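Here are a few exercises to work through with the model open beside you. Try each task yourself before reading its solution.

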Amino acid sequence: MLTLYHSPLIPSARKIRLMLREKNIPHQLKTEDFWLRRYEFFALNPAGEVPVLVTEKGQPIVTAYAIAEYLDETRGLAFGERRLLPEGPAERVEVRRHRDGVVLVLDRREGVAELVPEAAPVDLVPDHPVH
C-alpha cells in the first residue's frame with residue numbers, strides 16, 4: 001500500500017491527500033512533524049519537506065508535482081476520462097510548461113517582495129494601499 005508522509009499545515013500535501021481520496025487510491029497517511037527534522041524522514045527526502053509518497057516497493061517520491069504525475073502514470077488508466085495529464089507527450093509537455101511558468105512567476109514575485117519590497121508588485125506589499 002502507498003504511504004503518504006504529510007502535514008495538515010502544508011497546501012501541497014493537502015492537494016495529494018485530496019487526489020488520493022478523489023481517485024479512490026488505497027493509501028496510508030503518516031503525519032510528519034517536519035520541523036523536528038527526524039533522521040528517518042531525511043532518509044526519505046533529504047530536503048526534509050512534505051509531501052513524500054512511498055510506493056509499495058519502498059521508493060520515495062518527493063514534491064507534489066512528481067507525486068501527482070506518478071499517480072497519474074501508474075494508475076491513470078483506472079481514472080478513465082478524469083486523468084490529470086493528457087495522453088500525448090506533446091500535450092503533457094504543454095501542461096508542464098504552463099505549470100512551471102506559473103510557479104516561476106509566483107516564485108519570482110514572492111522573492112522580489114521579500115528582498116526589495118519597494119520593487120514588488122503592489123498587491124504583494126503588506127499594508128500598501130491599492131488604488
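**Exercise 1.** Find out how the side chains of Glu94 and Arg97 meet, and where the two residues lie.

*Solution.* Keep in mind that this is a predicted model. Start with the contact: Glu94 and Arg97 meet in a salt bridge, at 2.5 Å from N to O.

**Exercise 2.** Work out which parts of the chain are linked by the salt bridge of Arg96 with Glu69.

*Solution.* First, the distance: the closest N and O atoms of Arg96 and Glu69 are 2.9 Å apart. Then locate the partners: Arg96 is in helix H4 (residues 89-115) and Glu69 in helix H3 (residues 64-79), so the pair, 27 residues apart, links distant parts of the chain. Now compare the cut-off: buried means under 20%. Glu69, at 18%, is therefore buried, while Arg96, at 21%, is partly exposed.

**Exercise 3.** Describe how S1 and strand S2 are joined, and how the chain gets from S1 to S2.

*Solution.* Begin with the pairing: five bridges join S1 to S2 (residues 27-31), and the strands run parallel. Pick one spot to look at: Leu4 stands opposite Leu29 in S2. Then trace the path: the chain goes from S1 through H1 to S2, a right-handed β-α-β crossover.

Key:
Residues numbered from 1 in each chain as written. Predicted model: local features only at pLDDT ≥ 70, side-chain atom pairs only at ≥ 80, totals over all residues. Heavy atoms only, no water. Pairing = 2+ DSSP bridges. Helix = DSSP H or I, 4+ residues; strand = E, 2+ residues; numbered from the N terminus. Right-handed = clockwise from strand over helix to strand, strands pointing away. Salt bridge = Lys/Arg side-chain N within 4 Å of Asp/Glu carboxyl O. Buried < 20%, exposed > 50% of the residue type's maximum accessible area, 1.4 Å probe, protein only.
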